[in-house]
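Please look at the sequence and the structure below side by side, and keep both in view while you read. The paragraphs that follow go from the sheets to the core and then to single residues.

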Amino acid sequence: VFPLPAEAAIRDFTMIIGGKPVKGEVVEAKQARQIYTSIVAQSRDPGLLEHIGDNLFRVSVFPVPAKSTQSVELTYSQMVPANGGICRYVYPLKTGEKASQVQDFFSLSAKISSKTAIKSIYSPTHEIGKSQKNDNEATVGLELTKATLDKDFLLYWTISDKDFGLNTLAY
């Protein structure tokens, strides 16, 4: 089960099968379930991404052989408003009362594009990697191994066309 921010719009669903990416196709829910069931019956490798409510999406993958892994990628877009030159993004990692456990590996990559220059990027909740392609584009990464997802991922960045500036962020 994958949570997505309320304002997000899914762009792609991809399964990595035999090291090769296989893109999903968006179809009506009932038809998608029928296609998935039909492919399972043929002992082929389908994947199904379903909206299950409250911005939660469930991925069903069949089969996942014993002692192996199956990678899936969800790509979505989201507009993030700026308030006083500060942008705030939240990815809901904690989905309920109990924290989830990452069995193996979880990664998140965020691409930031802005018409106004990006000045600084900061996460008070997680250790991140970041690279800035130019003044208006940056990529932020988060990688977790066998981790407990007990808090949401919070990301701040500041934007400004000025050469020098100061923003205060209380957290």
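Which strands make up the open sheet of four strands, and in what order do they lie? The order is β7-β8-β15-β11, and the pairing is antiparallel. The model is a predicted one, in which local features need pLDDT of at least 70 and side-chain atom pairs count only at pLDDT 80 or more, while totals for chains, interfaces and linings use all residues. Residues are numbered from 1 along each chain as its sequence is written, and side-chain values use heavy atoms, with hydrogens and water left out.

Some terms are needed before going further. Helices (H or I, at least four residues) and strands (E, at least two) are DSSP runs that are numbered from the N terminus, and two strands are said to pair if DSSP finds at least two bridges between them. Counted in this way, the chain has one helix and 15 strands.

Strand β7 (residues 82-83) is joined to strand β8 (residues 86-91) by two bridges, and the two run antiparallel; here A82 stands opposite C87. The hairpin of β7 and β8 has two residues between the strands, and in this hairpin G84 takes a positive phi near 65 degrees. On the way to the next strand in the order, β8 pairs with strand β15 (residues 153-159) over six bridges, in the antiparallel sense. Within β15, L155 stands opposite Y89, and F153 stands opposite Y91.

Several of these residues return when we turn to the core. A nonpolar core is a set of buried Ala, Val, Leu, Ile, Met, Phe, Trp, Tyr and Cys residues joined through side-chain atoms within 4.5 Å, where buried means under 20% relative accessible area, exposed means over 50%, and partly exposed lies in between (1.4 Å probe, protein chains only). The largest such core has 23 residues, of which Y91, I121, F153, L155 and W157 touch the most other members. At least two residues of this core come from each of β8, β10 (105-113), β11 (118-122), β13 (137-145) and β15. In soluble globular proteins, nonpolar side chains tend to be buried together. If contact is taken as heavy atoms within 4.5 Å, then Y91, leaving aside its neighbours within four places in sequence, is in contact with F2, P3, L4, P5, Y76, F106, L108, D152 and F153.

A second open sheet has three strands in the order β3-β2-β6, again with antiparallel pairing. Its edge strands are β3 and β6 (71-77), each of which pairs on one side only. Strand β2 (residues 9-17) pairs with strand β3 (residues 20-23) over four bridges, and among the bridge partners are I17 with K20 and T14 with K23. In the hairpin of β2 and β3, which has two residues between the strands, G18 takes a positive phi near 60 degrees. T14 itself, which lies in strand β2, counts as buried because its relative accessibility is 5%. Apart from residues up to four places away in sequence, T14 touches P21, V22, K23, S71, V72 and E73.

Which residues form the salt bridge, and how far apart are their closest N and O atoms? A salt bridge is a side-chain nitrogen of Lys or Arg within 4 Å of a carboxyl oxygen of Asp or Glu, and the structure holds one. K133 forms this salt bridge with E137, and the closest N and O atoms are 3.8 Å apart. K133 is exposed, with a relative accessible area of 67%, whereas E137 is partly exposed at 31%.

G129, in strand β12 (residues 129-134), is partly exposed, with a relative accessible area of 37%. G129 touches T139, V140 and G141 when residues up to four places away in sequence are not counted.

Finally, consider the chain as a whole: of its 171 residues, 29% count as buried. Among the contacts with a separation of 6 or more, 67% come from residues 24 or more positions apart.
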